[in-house]
Amino acid sequence: MIRKYFGKDAQIVAVLEKLNKKASKKDWQIFYQKLKSANIYGLSIYYKNINLEFKKIFPDIKIFAWTVDDQKTLNFLEQIGVENVTSNKLIPTQ
């Protein structure tokens, strides 16, 4: 529906609040394939659900981490390749 009104180049982001703790790596790989086949641009997800293994499963999906409110977490997410974050407060750069 979105692409019908905005065209095929509309960039769509999926939102995922909680991970299914019972989901296997294979389940997440299937989810990744579904995102890719639907031409989903990114995944917006609570930062506590993101780790290196998670990032490896979604290598070319833009990850939007929320709500990062401390420098240590921001540094970790940057190290594993998360480039997009939201915050409730300004985090000073070092």
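**Exercise 1. Classify F54 as buried or exposed.**

Solution. Take the relative accessible area of F54: 5%. Buried means under 20%, exposed over 50%, partly exposed in between (1.4 Å probe, protein chains only). So F54 is buried.

The model is predicted: local features need pLDDT of at least 70, side-chain atom pairs count only at pLDDT 80 or more, and totals for chains, interfaces and linings use all residues. Residues are numbered from 1 along each chain as its sequence is written, and side-chain values use heavy atoms, without hydrogens or water.

**Exercise 2. Assign the geometry of the ring pair F54 and F58.**

Solution. Start with the rule. Rings of Phe, Tyr and Trp (its six-membered ring) pair if their centres lie within 6.5 Å; planes under 30 degrees apart are stacked, over 60 edge-to-face, the rest tilted. Now turn to F54 and F58. Their ring centres are 4.8 Å apart and their planes at 35 degrees, so this pair is tilted. F58 has 0% relative accessibility, so F58 counts as buried.

**Exercise 3. Which residues does N49 contact, leaving aside neighbours within four places in sequence?**

Solution. Contact means heavy atoms within 4.5 Å. By that test N49 touches E17, K18, L19 and F54. The relative accessible area of N49 is 12%, so N49 is buried.
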